[in-house]
Amino acid sequence: MALSKDELKAAIIEKATKSPKPQLYIKDFYACDPDAKPREIKNIANELVREQKLMFWSSGSTTMYGVPSRIKNDDGEGGV
Amino acid sequence: MAKHETPLLDQLESGPWPSFVTDLKQQAATKPECWDILGILELSFKDRITHWKHGGIVGVFGYGGGIVGRYADVPELFPGVEHFHTVRVAQPSSKYYSSANLRQLCDLWEKHGSGVTNMHGSTGDIILLGTRTENLEPFFWDLTHDMNQDLGGSGSNLRTPANCIGESRCEWSCYDTEEACYKLTMQYQDEIHRPAFPYKFKFKFSGCPNDCVAAIARSDISVIGTWKDDIRIDQAAVKEYIAGNYPSNGGAHSGRDWGKFDITKEVIDLCPTNCMWMEGGELKIDNSECTRCMHCINVMPRALRPGAEKGASVLVGAKAPILDGAQFSTLVLPFIPMSADNDFEELVEFIEKVWDWWMEVGKNRERVGETMQRVGLPTFIKVMELEPIPQMVKEPRSNPYVFWAEEEVEGGFERDVEEFRAKHAA
């Protein structure tokens, strides 16, 4: 059964907080609710960014998500 | 006076061509951080390794794209480029802008950044190179409020869509590329400014198969103008070309004497599908064999024109990576109508179908063309609910086995073996 919006937000934050990696791809959040469509997960994750509970981390070519307290500011990865 | 000794870079000023080193030295007169660009690059030449780090959380509030973080890994040596972020500004459709707009943009970048620009990045954006994190929000405010311009795409976003000049200046354009690009840019603002996908995604619009924005080589979805009916021929103009009264290629090669125009040698024999010939003094075309290469139309623009029933072909899956080789996009929809009257609904419907599939099936950092390669074209076209067409076949099959899905076999795979053996001995 699909999670409610608030439940999904909580699951995403929990995943971002407890994951060994500080930065996660959007696909890493798909498992938070296997019944939700990828686009719904993306919209919720982006809403959490607007609420400043998540942050974007961008290499230039790829964008990842993380909780603000865990993301480093200036390390790079990958190619642009 | 130079802040750093740059003997290796100075060599790049010695040739007859314009040099970015000279430009940066000139810019350093008013923007001293440009000395540090030269200094860090000289050090990279010596050390044979980059001293740039890229990536980070820099951006403007509410946007997940448009800014690429850049940092020096030796800020103590080159404090002017400790932060040197890149800003991508969405280019106007067809890259039409007034000199007043360019001056305003340059003034804005002198105010908030290094003044160094790259016109344009390979996606098409206006690239502004070099600013500090604290300057990003003021720059963005001025850009959007004073200039009514916006940032482009970066990261896992839809990248800034690009289009050729289309019907605004080109007689060959088979649809209004500017309208299509503008409409889709406005429709997908969220996807441009906030990450949505496993990796970057680009679409580009070319009005005809000359493909002046190289959509077929660079975009995940290439929308290339084409026509359904016959090439329109003006036989009287063909005769004028043969007589040498009209210059071939619109006079593009007239700077040198290439000899008398020879329609057989320069047009008919160069047709990739051999679908043209002369008969009774007239040029004939077997249009069913035409692949829309545009060569004949390019050579004799006054005699030949694209057909009247116009639209676009949609191709999927190009990418131009540095490391593992370029990949052209694959023809998926041979012809769709392209009309602003219905908001390009056939195209929009297809794009969203591709996105829904790729967002689910695509791996992290995998372009849609790579996903297509991984699952195979037959799977892709099945998911897209399309009928295969000959243009999708790369080469004839090399193994003799034909694999059937159970639903394609009458009676399925369940059968009574005894009954079968009664008629077919083992």
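B:Val68 stands opposite B:Thr86, which belongs to E4(B). The model is a predicted one, so local features need pLDDT of at least 70 and side-chain atom pairs count only at pLDDT 80 or more, while totals for chains, interfaces and linings use all residues. Residues are numbered from 1 along each chain as its sequence is written, with chains lettered from A and ligands numbered from 1 in the order in which they are written.

Strand E4 (residues 86-89) of chain B is joined to E2(B) by two bridges, and the two run antiparallel. Strands (E, at least two residues) and helices (H or I, at least four) are DSSP runs numbered from the N terminus, and two strands pair if DSSP finds at least two bridges between them. The sheet is open and has four strands in the order E2-E4-E6-E5 (chain B), with antiparallel pairing. Its edges are strand E2 (67-68) and strand E5 (116-119) of chain B, each of which pairs on one side only. B:His120 itself sits in the loop between E5 and strand E6 (126-129) of chain B.

Now to the core you asked about. The largest nonpolar core has 56 residues, and B:Ala180, B:Val223, B:Met300, B:Val314 and B:Val354 have the most contacts inside it. Helices H6 (177-187), H9 (235-243), H11 (295-299), H12 (345-361) and H13 (368-375) and strands E8 (203-206), E9 (221-227) and E14 (310-316), from chain B, each give two or more residues to this core. H12(B) supplies the largest share, seven residues. At least three residues of this core come from each of domain 2 (162-226 + 312-392) and domain 3 (232-305) of chain B. For the terms, a nonpolar core is a set of buried Ala, Val, Leu, Ile, Met, Phe, Trp, Tyr and Cys residues joined through C-beta atoms within 7 Å. A residue is buried if 20 or more other C-beta atoms lie within 10 Å of its own, exposed if 12 or fewer, and partly exposed in between, with C-beta atoms placed from the backbone. As background, nonpolar side chains in soluble globular proteins tend to be buried together.

Setting aside neighbours within four places in sequence, B:Met300 is in contact with B:Val238, B:Tyr241, B:Ser248 and B:Val267; contact here means that the C-beta atoms, placed from the backbone, lie within 7 Å.

Next comes strand E9. Seven of the seven residues of E9(B) are buried, so this strand is largely enclosed by the rest of the structure. In a regular strand the side chains alternate between the two faces of the sheet. Here both faces are covered: B:Ile221, B:Val223, B:Gly225 and B:Trp227 are buried on one side, and B:Ser222, B:Ile224 and B:Thr226 on the other. E8(B) runs parallel to E9(B) and is joined to it by four bridges, with B:Phe203 opposite B:Ile221. E9(B) also pairs with E14(B), in the antiparallel sense and over seven bridges, and there B:Gly225 stands opposite B:Ala312.

Chain B is assigned domain 1 (7-146), domain 2 (162-226 + 312-392) and domain 3 (232-305), with bounds that come from an automatic or database domain assignment. The C-alpha centres of domain 2 and domain 3 of chain B lie 31 Å apart. Five residues of domain 2 of chain B are in contact with five residues of domain 3 of chain B. By class, the domain 2 side of that contact has three nonpolar, two polar and no charged residues. In this count Ala, Val, Leu, Ile, Met, Phe, Trp, Tyr, Cys and Pro are nonpolar, Asp, Glu, Lys and Arg are charged, and the others, Gly among them, are polar.

B:Arg292 counts as partly exposed because it has 17 C-beta neighbours inside 10 Å.

Definitions and conventions
Two residues are in contact if their C-beta atoms, placed from the backbone, lie within 7 Å.
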